[in-house]
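Let's take a friendly walk through this model, one feature at a time. Keep the sequence and the 3D view open as you read.

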Amino acid sequence: MDKHKTIVDILKSHYHSSDKGITHIYADDKEFFVSYRSLYQKALCLLHTFQKVGIKPHEELIIQIDDNETFLYAFWACLIGGIIPVPVTVGNNDEHRLKLIKIWNTLNRPYMFTDEKNFLHFEKYALENNKTDALNNIKANTILFTEDFGDQQGIPYTPKLEDIAFLQFSSGSTGDPKGVVLTHENLITNLMGIEYSAQFSQKDVFLSWMPLTHDMGLIGFHLVPLYLNINQYIMPTALFIRRPTIWLKKASEHKTTILSSPNFGYGYLLTRFSPEVATEWDLSSVRLIFNGAEPISIELCEKFLECMKDYKLKREAMY
């Protein structure tokens, strides 16, 4: 891949491949495919909405959206329009809502894209905790998600390699959160290194349950397969939490080759696992199952791999 391309160039280069893209998994029998071509088109339409309210290139937009499909339209609308996306976990407690205010205060006159339900929860928190100044500032620059993006397209911006692609705040930020600046050049260099190290090929298929506000979810399991123009499957983190075994059920069903989880996910799945749910599992297609983002327990790895060998998961697959 040309290291002089931006991440937007990569998406545009896939415009004619309508058979490659993202399958959003919502339930056992509910999946929705979005080609990389359709991702670009829908993002362009959402960009029109952002530009209509006055957001300009190099301005920041906090994305607080639970739904993965909508999140990715917003993320790419920003990238295509030269707007700086700032993914922030929605969360469901006061700590997350205070974190949102702290992030807002570190940015330079940002905007926010969210849905009505999430905003009402934030508004209630702000009113109950004497945060009315912050609420008024945020409310004035908030765009609420509506189902219909319309068919008018925004005006694309041509980013440079040194332009900021997005700002990343750690999912575990406490105190005063600090954003990491990622340029297009940073991302392309990272993606090239990941491709080389893991020896990815056109035969690979990715599946992830990790949040898109997390680097392993967003960079490792969305941007990497998009960069390679191969298929990816994404399920909501909440679905994994409710029913962790659906992760490996879908890996078997879709002949996934690349999986990933932080260490706790392997232990959590085992607590909900029984042979009855896995009678038809075949994990022989899994080439790599990454374990990272937090301290790794060798004992847990051994236990997980031992349990899954009955379903043809290779012992050397965990990386």
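## Helix 7

Helix 7 is followed by Gln-199, which has a positive phi, near 55°. Helices (H or I, at least four residues) and strands (E, at least two) are DSSP runs here, numbered from the N terminus. A word on the source: this is a predicted model, in which local features need pLDDT of at least 70 and side-chain atom pairs count only at pLDDT 80 or more, while totals for chains, interfaces and linings use all residues. Residues are numbered from 1 along each chain as its sequence is written, and side-chain values use heavy atoms, with hydrogens and water left out.

The 15 residues of helix 7 (residues 184-198) should span 21 Å at 1.5 Å a residue, and the end C-alpha atoms are 21 Å apart, which agrees. That expected span is 1.5 Å times one less than the number of residues.

Which residues of helix 7 are buried? They are His-184, Leu-187, Ile-188, Leu-191 and Ala-198, where buried means under 20% relative accessible area, exposed over 50% and partly exposed in between (1.4 Å probe, protein chains only). Seen down the axis, the buried residues fall within an arc of 120°, so they line one face of helix 7; the arc is that of the directions from the helix axis to the C-beta atoms. Thr-189, Tyr-196 and Ser-197 are exposed, on the face turned away from the buried side.

The buried residues of helix 7 pack against several elements, including helix 1 (7-13), helix 8 (215-228) and strand 12 (288-291).

## Strand 12

Strand 12 is covered on both faces: Leu-288 and Phe-290 are buried on one side, and Ile-289 and Asn-291 on the other. In a regular strand the side chains alternate between the two faces of the sheet.

Strand 12 pairs with strand 11 (residues 258-261) in the parallel sense over four bridges; two strands pair if DSSP finds at least two bridges between them. Ile-289 in strand 12 is the bridge partner of Leu-259.

## Nonpolar cores

The largest nonpolar core has 90 residues, and Trp-247 and Phe-304 are among those with the most contacts inside it. Such a core is a set of buried Ala, Val, Leu, Ile, Met, Phe, Trp, Tyr and Cys residues joined through side-chain atoms within 4.5 Å. Helix 3 (residues 68-81) gives this core its largest share, ten residues. A second, separate core of 19 residues includes Val-86 and Phe-169.

Trp-247 touches Leu-259 and Ile-289, among others, not counting residues up to four places away in sequence; contact means heavy atoms within 4.5 Å.
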